[in-house]
Amino acid sequence: MSVPAAFDYHSAKSVDEAIALLQQYGDDAKVLAGGHSLIPSMKLRLAQPAHLVDLGKISGLSYIREESGAVAVGAMTTYTTIEHSDVLRRYFALLPEGVAMIGDQQVRNRGTIGGSIAHSDPAADLPGIVQALRADILVQGPNGVRTVKADDFFMGMFETALQPDEIVTEIRFAIPAARTGSAYMKLANKASHYAVTGCAAVVTLDGDGTCSSASVVITGASEKATRANAVEAALVGKKLDEATVAAATAHAADGLALLGDIHGSREYRAQMSAVMARRAILKAAERA
Ligand SMILES: Cc1cc2nc3c(=O)[nH]c(=O)nc-3n(C[C@H](O)[C@H](O)[C@H](O)COP(=O)(O)OP(=O)(O)OC[C@H]3O[C@@H](n4cnc5c(N)ncnc54)[C@H](O)[C@@H]3O)c2cc1C
């Protein structure tokens, strides 16, 4: 069995202490959350941090709170907690729905929303979901807290807007307008359940059922979760019947630098992007 290279373990008692440790050890340090991406990477020696800064003992980083027109989710909140949250189910169906599709129960019991987005795995589910919900990501560093829009957070494959001495502390979701529906669909890898291709969709309908706003993000198909601008433009101002949604989602892979690998060719991922987008948008419209 593979084992990680030797490292020093630090259990931070506060966010400030964790940031101080990151500053002290620089590139030799990594934050540990649920460990379900970092520990496998360390066992394979793809990551070899000399210092692990564990966030697990910091109180006050795991919560789901409705406040000031938004729902705030602490970075260390696990997928299982999100899956069973009544307030998240009420406003953002795709969030509990999406996390319920992640890995298996053990992964969902340990994996955290902050860890998933900080990792920015191209095949992960949450980067697409938080972008589709246009979330604000609160990031704390030595100079205090800054807010990064989800659309600006994911820079590339395993690459985010986080600085090495910053920690994701909270993800904030604005409570949606009336008649907003959302859904997440994915073609899952049969073994890991990572997304070969997935789509997160949020639509708002006006009084007569016309789409007044659409937010559609494709994950798994390219190096990072990416907004499908052409699909969104083709939905707004229309009634979301099957023919309209099928025509709009034919553009789902437009502009994506598609990935091809053992799980699916570029052509297959392009085709599946359209299929997952069509299903997610129709489900979101049905819920709106
Ligand atoms: C068998 C298996 C199946 C899986 N299937 C899926 C799947 O279907 N879909 C899916 O999306 N994922 C899947 N995953 C990945 C899982 O969701 C991970 O939990 C997630 O990617 C990382 O979250 P974590 O809390 O475990 O973070 P960790 O592994 O602890 O950390 C991941 C990275 O993020 C950094 N980090 C963590 N928290 C923070 C923070 N608050 N601020 C700044 N940096 C931080 C760490 O330093 C590290 O670089 C699977 C994992 C396994 C082992």
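Which residue forms a salt bridge with glutamate 83? The partner is arginine 108, and the closest N and O atoms are 3.7 Å apart. Keep in mind that this is a predicted model. The points below start from that pair.

1. Glutamate 83 lies in helix 3 (residues 79-83), and arginine 108 lies in helix 6 (residues 105-110). Buried means under 20% relative accessible area. Glutamate 83 has 16% relative accessibility, so this residue counts as buried. Arginine 108 has 12%, so this residue counts as buried too.

2. **Other salt bridges.** The structure holds 14 salt bridges. One of them joins arginine 90 and glutamate 66, at 3.8 Å from N to O. Arginine 90 belongs to helix 4 (residues 86-91) and glutamate 66 to strand 4 (residues 64-67), so this pair ties together parts that are 24 residues apart in sequence. Arginine 90 is exposed, with a relative accessible area of 54%. Glutamate 66 is partly exposed, at 43% relative accessibility.

3. **Arginine 65.** This side chain meets the side chain of glutamate 67 in a salt bridge (3.5 Å, N to O). Arginine 65 is partly exposed, with a relative accessible area of 38%. Glutamate 67 is partly exposed as well, at 27%. The charged end of arginine 65 also sits over the ring of tyrosine 63, 3.9 Å from the ring centre.

4. **Aromatic pairs.** How many aromatic pairs does a search of the whole structure find? There are three. In one, the ring centres of phenylalanine 153 and phenylalanine 154 are 5.1 Å apart. Their planes meet at 80°, so the pair is edge-to-face. Both phenylalanine 153 and phenylalanine 154 are buried. Elsewhere, Tyr91, Phe92 and Phe173 form one aromatic cluster.

5. **Domains.** The domain assignment divides the protein chain into domain 1 (8-51), domain 2 (64-174) and domain 3 (180-287). The C-alpha centres of domain 1 and domain 2 are 19 Å apart. Their contact takes 11 residues from domain 1 and 15 residues from domain 2.

6. **The area between domains 1 and 2.** About 1,100 Å² is buried between domain 1 and domain 2. Carbon and sulfur atoms give 71% of that area. On the domain 1 side, Ile19, Ala33 and His36 lose the most area to domain 2. Together these three account for 42% of what that side buries. How many salt bridges are there between domain 1 and domain 2? The count is zero.

7. **Leucine 22.** This residue is in helix 1 (residues 15-25). Is leucine 22 buried or exposed? Its relative accessibility is 3%, so leucine 22 counts as buried. Setting aside residues up to four places away in sequence, leucine 22 touches Ala29, Val31, Val53, Pro164, Asp165, Glu166 and Ile167. Valine 71 is 49 residues from leucine 22 along the chain, and their C-alpha atoms are separated by 29 Å.

8. **Aspartate 125.** Where is aspartate 125 placed? The residue is in the loop between helix 7 (113-119) and helix 8 (126-132). Leaving out neighbours within four places in sequence, aspartate 125 is in contact with Ile102, Tyr184, Lys186 and Ala195.

Notes: Residues numbered from 1 in each chain as written. Predicted model: local features only at pLDDT ≥ 70, side-chain atom pairs only at ≥ 80, totals over all residues. Heavy atoms only, no water. Phe/Tyr/Trp six-rings, centres within 6.5 Å; stacked < 30°, edge-to-face > 60°. Buried < 20%, exposed > 50% of the residue type's maximum accessible area, 1.4 Å probe, protein only. Lys NZ or Arg CZ within 6 Å of the ring centre and 35° of its normal. Helix = DSSP H or I, 4+ residues; strand = E, 2+ residues; numbered from the N terminus. Contact = heavy atoms within 4.5 Å. Domains from an automatic or database assignment. Buried area = accessible area lost by both parts, 1.4 Å probe. Salt bridge = Lys/Arg side-chain N within 4 Å of Asp/Glu carboxyl O.
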